Amino acid sequence: MNDMAVAERFGSAVRNRSRRKPTSFPALLNETFDRHEREGRRLQLRGRVAALVAIYILVAVIAPYPESFYYQSLVIVFLLTGFIPAAIDRLGWLRNWHLYVFVTLDFALMTVMMLYPNPFSPTDYPPQLALRFETFGYFFVLIAGLAFSDQPRLVLWGGFVGIVSWVVGLTWLASLPDSVIYSPFAPGSSSLDLSERIALIANPTLIDLSVEAQSIVVLGIVAMILAGGVARSRRLVWRHAAIERQRLNLARYFPPATVDELARDDVSLAEIRELNAAILFADVVGFTRWSERHSPVETISLLREVHGLLEEAIFRHGGTLDKFIGDGIMATFGTPEPLPQDPFNAVACVNAILEDVAALNERRVARGAEPVQIAVGLHYGPVVVGNIGTERRLELAVIGDTVNAASRLEELTRVVGRAAAVSDDVVADIRARDPNAADRLMAGFDFLGDNHLEGRRQGIAVWASQVSLTAHESRRPKRPLRP
C-alpha cells in the first residue's frame, strides 16, 4: 500500500464518518484494513479461478477419460466454493468466521480429491497408491492463496486444517486391512537390506510415514512463514499509515523541508518550551464588507486564493503555519526549533506577501475582479510552544505577549494606513546580526516611532511599509484593559 493509497483511504474514512461521532485513529485504520482485506479476497478469487482453470486443463491432458471427469468435476466444485463467500461478501453478510469455515471445506475437499479412489477409473488400484502421485503439492496452492487475505491467523488456520485433514486421510488409509505401514522408528526397519527396501517401496499398499511426516512438517513451516510475512506486512502498513498521518498533520503547519524530520521525532512538539520566535498575522482588509457584496461561492473562492498565497509565502521562507483565522492567518518563524535566521526570514516573508498581493491584484483586475488588500503585523520575542488538546485531536499552541502584540500590530495597519507594521524588536534583532541585510530588508519601510497598541500599557516602536492601504477602514479603539 503506497502513501497516496493510505492517505486516500483515511480521507475517505473521515468523510464517511463526518456526520457521526469522532472516530479514533486505530478505528480508522481498522476500516482501512477491512477494505484492504476485501480487495485481497477479490484478488484471491481471481487467482483461484485462474489456478483452477489451469488445473482443469492440466487434468484433461494428463488423466485419461473417464478418470479426468471425476477430477474436473471436483475442480468445478472448488470454483463454486470460491464464489459463494464472494457472493456473501457482496451482500454484506460475510463474517470473519465464515472464512474459517470455507478454508476448512477447501482443505477437506482437497484431501478427499487426492486420497479417495477415483470412481470413474477403469482400473481397480489400491487406495494407498494415491500417496505415490505427489498430489500433496496442491495444498501449497491453497496456502499461497490465503496470503491474499492479509490475516495471519487465517493462514495458520489453513496450515492447521490442512495437516489435520491429511492426517485423517492417512489414518483412514492405514486402517485398511492390506496397508503396509513403514516407520523409521519401527523395530527392524533399520536392518532392511537394499532388496528388501526396494520390494517394500514397490508395494502399492505401502504407507511410508517418514515421507508423509516430511510433507506435513513442510506444510506447517510454509504456513508459519507465510503467516509471519502477512503479519509483517500488516505491521508495516500500520507503521506507514501512522507516519503518513503524522506527515499529513504536520504538513498543515510546517514547511515541507521540516515535515520529514518532525515525523521521525515529535519530541519537540510534545514538550512545552519557551523560545524566541517571530510571529506574523495577516488579514484581508474589509473582508466583512466585501463578503456582503458577493455570493458565498465568490467569498470561498477569494479565501482560497488568499490563503494559498499566504501559505506559499510562509512556507517559502521557512515559516510555520500556525492556523487559519477566518480570512486571516497566524504564522511563526522559530517553531518548533528556533534558528538565527528566523527574524530575517520573517521580514523577507512580509515583503514577499506584499509583492505577491500586488501581483495577485494585477491578475484580478485583468479578469475584472476587485483587488484585495492584505494587512500584515510582525513582532519578535519570547513565546511558549507545545501541543495542546487530546490524543484524538492535537494542536500546536504558540502563546505569549509576543503573539498578542503581533495581532495588535496587524490591527494597527488600519490606523496608520499602511499595509504592514513591523515592531522595532524585529528590526533591532536583524540589525544587530547583519546591518547590511537589515537595510536591504527594511528599505521599503518607514520608522513611525512609538505607537499605542490596544490592550498594552506601553507603546511599541513600529516600522510601517511604504505600501499604503487605500481606502483603509478605521477601527474604533476598544476600551484599554485595566490593570
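1. How many helices and strands does the protein chain have? There are 16 helices and ten strands. Keep in mind that this is a predicted model.

2. Start with the whole chain. It runs to 483 residues, and 44% of them are buried. Among contacts with a separation of 6 or more, 72% join residues 24 or more positions apart.

3. Next, the surface. A nonpolar patch there is formed by Val53, Tyr56, Ile57, Leu58, Val61, Ile62, Ile76 and Leu80. Together these residues have about 760 Å² of accessible area. Two elements each give two or more residues to the patch: helix H2 (25-62) and helix H3 (67-91). H2 provides the largest share, six residues.

4. Look at Leu58, one of the patch residues. Leu58 lies in helix H2. Its relative accessible area is 39%, so Leu58 counts as partly exposed.

5. Now turn to Ala331. This residue sits in strand E5, which covers residues 328-333. Is Ala331 buried or exposed? Ala331 is buried, because its relative accessibility is 0%, and the cut-off for buried is under 20%.

6. What does Ala331 touch, leaving aside residues up to four places away in sequence? Its contacts are Ala278, Ile279, Leu280, Ile314, Thr320 and Asp322. Leu378 is 47 residues from Ala331 along the chain, and the C-alpha atoms of the two are separated by 9.5 Å.

Terms used. Residues are numbered from 1 along each chain as its sequence is written. This is a predicted model: local features need pLDDT of at least 70, side-chain atom pairs count only at pLDDT 80 or more; totals for chains, interfaces and linings use all residues. Side-chain values use heavy atoms; hydrogens and water are left out. Helices (H or I, at least four residues) and strands (E, at least two) are DSSP runs, numbered from the N terminus. Buried means under 20% relative accessible area, exposed over 50%, partly exposed in between (1.4 Å probe, protein chains only). Contact means heavy atoms within 4.5 Å. Patches are made of residues with over 30% relative accessible area and no salt bridge: like charges are joined within 9 Å, nonpolar side chains (Val, Leu, Ile, Met, Phe, Trp, Tyr) within 5 Å. Accessible areas come from the Shrake-Rupley method with a 1.4 Å probe; for residues, only the protein chains shown count as cover. A salt bridge is a side-chain nitrogen of Lys or Arg within 4 Å of a carboxyl oxygen of Asp or Glu.
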